[in-house]
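Student: I have a structure to look at and would like to go through it by question and answer. Can we start with the strands and then turn to the rest?

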Amino acid sequence: MKHTQRSRQLLLVLLAVLGLLGGGLVAGAGAAAAASFPNTVVPVPVSETADGSTFTLTAGATVTSDDANTGGYLTDVLRASTGFALPLTVGAATPGTIALSLSGAPAGVGAEGYQLTASATGVTIRAQQPAGLFHGVQTLLQLLPGAVMSPTVQPGPWTVTGGTIVDYPRFGYRGAMLDVARHFFTVAQVERYIDELALYKIDYLHLHLSDDQGWRIAINSWPNLAVHGGSTEVGGGAGGYYTQADYSAIVAYAASRYLTVVPEIDMPGHTNAALSSYASLNCNGVAPSLYTGTNVGFSSLCVPLPLTYTFIDQVVGELAALTPGPWIHIGGDEAGSTTASDYATFLGKAQQVVANHGKAVMGWHDIANTGALLPGTQAQYWGTSTTAANLATAAAKGAKVVMSPANHAYLDMKYTHKTKLGQSWAGLTDVNTAYGWDPGNYLTGVTGSSVAGVEGPLWTETVVTSADIDYMAFPRLPALAELGWSPWSTHSQSAFDARLGAQGPRWKTLGVNYYRSTQISWPAGS
């Protein structure tokens, strides 16, 4: 027996030596077992299987795509940074070096998922719908060196770990809200933010278009809303508004990045800009002055006034006609100067107006207080506790809930007490707090299929520039994006922190003014 054990030990030593010399089956098996994708992709994919091969993009590479938009997006990025010609063929019978295909994807990936396969000879992304191809392209770009996002030619090399990724979202609604009412942002600034959101598979852009401080969308039947109501902002700046052509341009640009726009007209509160624009909308017939402060809860549409509902019908009608997406967000929050009875009356009528124009209602979770939500209504939770009885009741009746708890998901909260921008009423929210909760199991009684998804709202009382947007959204927005996309079984703070750190060089290349959280180890020079 001792002789047999000794022989086995000698055999194992010999095999180990052969493995170190790289000359046997043991070496091959060991390399395959150790192969893994780099820890760089956010949101983390559902499954990743590396095979030990490496793909290198070269000057002779070609690109084929079954979707012209996604193929054009990818080649635009790659040509700028690599300097390669990368000819694109749409609908080619023979796949290129990089092939984007709308056939052959696994059935389970759905409308937004994809399968990415990389080998020594090429990369193939398969999806059922163009949105899936686009999301797969984002993963491919994150597997490449960060310099791939550069607008100028970089030296490379441009390598991708070989293997297969199968990926699809946990939730169908993965949103980000930009408040353009407190401070106005131009079409170009909104499109820049859309580009940043698309990097992390966000699929809804919620635009907060009206508030006490400003009305930001031209309404032909009520022109003074934009001309007068849009003429200022918090702190007394010049404000601004979108023409209907501007708004349509934002909608189209978002669609090119596979985001759907959700417009919000907040009511019955948060309406001082509208009330200041038309005296006839006020119960006393007197228009209040424009407002440039940051208090809330003092304004209300006149609930008993018939003109109020003509106003809502015409505003919603024009906005619905410009909005291909399914949702019109009617706000409904912080209606402090509206009685509970008037609020319930108003909400019932406002919901019906939206339905009459072929859209579904979204609103802040306050709308659940009436207990009378129309079928298909989607409520957005913005509280800071883990219980909301009225919302749980609404969910039990079929209402869907988008999770935006302010103490985790509000992108305007300060990171630390020293953060110059933002507020702190919901607490301090560094990146680990933004990541450290489960949207699918956060609110008592609102779980499973009742949860539509997650959204990161960015209110702009203190946010004035695109650099400010970047600073407050990054790195927290990618944390929320992962909560919305990746299965909960993959949730790991330490693994996420490492992957998030890998985004730093990309953001530097893109010119993103991100907050360098001390909770993350950022690569040198990023």
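Tutor: Four of the five residues of strand 5 (residues 114-118) are buried, so strand 5 is largely enclosed by the rest of the structure. Buried means under 20% relative accessible area, exposed over 50%, and partly exposed in between (1.4 Å probe, protein chains only). Helices (H or I, at least four residues) and strands (E, at least two) are DSSP runs, numbered from the N terminus. This is a predicted model, in which local features need pLDDT of at least 70 and side-chain atom pairs count only at pLDDT 80 or more, while totals for chains, interfaces and linings use all residues. Residues are numbered from 1 along each chain as its sequence is written, and side-chain values use heavy atoms, with hydrogens and water left out.

Student: Which residue of strand 6 does Thr117 stand opposite?

Tutor: Two strands pair if DSSP finds at least two bridges between them. Strand 5 and strand 6 (residues 123-126) run antiparallel and are joined by four bridges. They form a hairpin with four residues between them. In strand 6, the residue opposite Thr117 is Thr124.

Student: What is the bridge partner of Thr49 in strand 7?

Tutor: Seven of the ten residues of strand 7 are buried, which leaves it mostly covered. Strand 7 pairs with strand 1 (residues 47-57) in the antiparallel sense over eight bridges. The partner of Thr49 is Thr164.

Student: Which residues touch the most other members of the largest nonpolar core?

Tutor: A nonpolar core is a set of buried Ala, Val, Leu, Ile, Met, Phe, Trp, Tyr and Cys residues joined through side-chain atoms within 4.5 Å. The largest has 137 residues, and those touching the most other members are Leu141, Tyr193, Trp215 and Phe311.

Student: Which helix gives the largest share of the lining of the largest pocket?

Tutor: On a 1 Å grid over the protein atoms alone, a cavity is a set of points where a 1.4 Å probe fits but cannot get out, and a pocket is an open set with protein on both sides within 12 Å along at least five of seven lines; lining residues have an atom within 4 Å of a point. Grid points are joined across faces, edges and corners, and a volume is the space filled by probe spheres set on the points. The largest pocket holds about 330 Å³ of space. The largest share of its lining, four residues, comes from helix 3.

Student: How much space lies in the largest cavity?

Tutor: The whole structure has four cavities of 30 Å³ or more. Residues lining the largest cavity include Gln138, Leu141 and Trp507. The space in the largest cavity is about 70 Å³.
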